[in-house]
Amino acid sequence: MVYFSSQPEDLTPIERGVVFVVESVEQSDFAIDIIDYNTSNVVASKIIKGVESAQVDIAPYINVERVTPSWSNISSLEDVPTATYYLTARTEMGYDESDPVRVCSNGSKMVVGSIYSVMPKQREICYGECDDVVFVAEPNSTVEARFLASNGEQKVLAISSSTGVVRLHIATAQFSEHIKSFDVEIALDDNVTQTLHYTIVPGYKDSVRAVWISAEGMPERYTFPITLCKSVVAERKTLFTNRVVGDVVSCKSKKRISLRSRALTNQMAEGLSTIVTAPKVWLEIGGSIVEARVVESEMVTYSYGSCASGEFTFEYDGEEVVL
């Protein structure tokens, strides 16, 4: 007899391992297939020889898309892709099949009714800007996002979530231009479980909106009100060729921009600091969205730890010219 004695919980994060345990009544050779539940395709196979019990971590063999940000000026509520897998095990003693398990790409266990973000629930945003929030629900449950602006304007978005994980894209342009603030209530099966409060702050001429994917695998956003400087960094190299006259020179250039935050609470500063290790960063500059990377950063705390300010330098828009 062969059987699965243990398997991971639903929405187990890949980074923590997705471990199944399969056992047999005596030492056996296990033939194990990892199968995509949605397509029935075999993702990978493993042979484990001469054991009574085997642990199989399927995390190295699977891939789940991280949550991507949206730049739409229309608020939306959408399912986030999750992946579902199950295992089959064969030995001379028999055959067994595990239950399907959904997995996700973030670094912490996803709890139903929770928001996944490193930024606080009290947020500042300029009119015309957007934000993204990831919310965890039960599969096939109803999720509502209820917007209430300071001038009384209301809006409700609803979705019947098939995956149980949804991305709420919040666009301030849905309200009148002169609102001072708005609240967003997120309800699961008509029960409000999370509330976000947004204060509308003035936009500045040289402000830059940064968007990044945190270590949790979730999109985060912050507007830097101050641009300290812009520059171009170039690197010239001589290319060794058989050319007779003159040198062939390669010139690689990158634009740089240095940004400074507002005065931040410690919680806000901690959230913003995750941009340093973000696998993906984008900047909204002059109406364009460019992919960038952090090259220098500093987070300074003032007034005995009561507030902080961050300065970051980003590189973007690289090009190479051969002269």
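**Entry 1. Ground rules.** I worked on a predicted model, in which local features need pLDDT of at least 70, side-chain atom pairs count only at pLDDT 80 or more, and totals for chains, interfaces and linings use all residues. Residues are numbered from 1 along each chain as its sequence is written, and side-chain values use heavy atoms, with hydrogens and water left out.

I took strands as DSSP runs (E, at least two residues), numbered from the N terminus; helices are runs of H or I with at least four residues. I called two strands paired if DSSP finds at least two bridges between them.

**Entry 2. Strand E16 and its partners.** I looked up E16, residues 191-201, and found that it runs parallel to strand E10 (residues 122-126), with five bridges joining the two. One residue I checked in this pairing was isoleucine 125, whose bridge partner in E16 is isoleucine 200.

E16 also pairs with strand E15 (residues 181-188), here antiparallel and over eight bridges. In that pairing isoleucine 186 stands opposite glutamine 194 of E16. E15 and E16 make a hairpin with two residues between them. Aspartate 189 lies in the loop between these strands and has a positive phi of about 50 degrees, although it is not a glycine.

I then asked how accessible aspartate 189 is. Its relative accessible area is 44%, so I noted it as partly exposed. The cut-offs are under 20% relative accessible area for buried and over 50% for exposed, with partly exposed in between (1.4 Å probe, protein chains only).

**Entry 3. The four-stranded sheet.** I traced an open sheet of four strands in the order E5-E14-E11-E9, with antiparallel pairing. Strands E5 (76-79) and E9 (115-116) are at the edges with a single partner strand each, so one side of each has no neighbour in the sheet. Strands E11 (residues 130-136) and E14 (residues 165-171) are joined by seven bridges in the antiparallel sense. Phenylalanine 135 has valine 166 in E14 as its bridge partner.

**Entry 4. Strand E21.** E21 (residues 280-285) was next. It is joined to strand E17 (residues 208-213) by five bridges and runs antiparallel to it. Alanine 210 stands opposite leucine 283 in E21.

Another five bridges join E21 to strand E22 (residues 288-302), again antiparallel. Isoleucine 285 has serine 288 in E22 as its bridge partner. E21 and E22 form a hairpin with two residues between them, and glycine 286 in the turn has a positive phi of about 55 degrees.

**Entry 5. Aromatic rings.** I found ten aromatic pairs in the structure. Rings of Phe, Tyr and Trp (its six-membered ring) pair if their centres lie within 6.5 Å; planes under 30 degrees apart are stacked, over 60 edge-to-face, and the rest tilted.

Which geometry do tryptophan 71 and tryptophan 282 show? The ring centres are 5.7 Å apart and the planes stand at 75 degrees, so this pair is edge-to-face. The pair links distant parts of the chain, 211 residues apart: tryptophan 71 is in the loop between strand E4 (42-57) and E5, and tryptophan 282 is in E21. Tryptophan 71 is partly exposed at 30% relative accessible area, whereas tryptophan 282 counts as buried at 15%.

Phenylalanine 182 and tyrosine 198 form a stacked pair, with 4.9 Å from centre to centre and 10 degrees between the planes. Phenylalanine 182 belongs to E15 and tyrosine 198 to E16, 16 residues apart. Both residues are buried. Ring pairs also link them with Phe147 and Phe175 into a cluster.

I also noted arginine 221, which lies over the face of tryptophan 71 at 5.7 Å from the ring centre. The test is NZ of Lys or CZ of Arg within 6 Å of the ring centre and within 35 degrees of the ring normal.

**Entry 6. Methionine 93.** I placed methionine 93 in the loop between strand E6 (83-91) and strand E7 (94-97). At 32% relative accessibility it counts as partly exposed.
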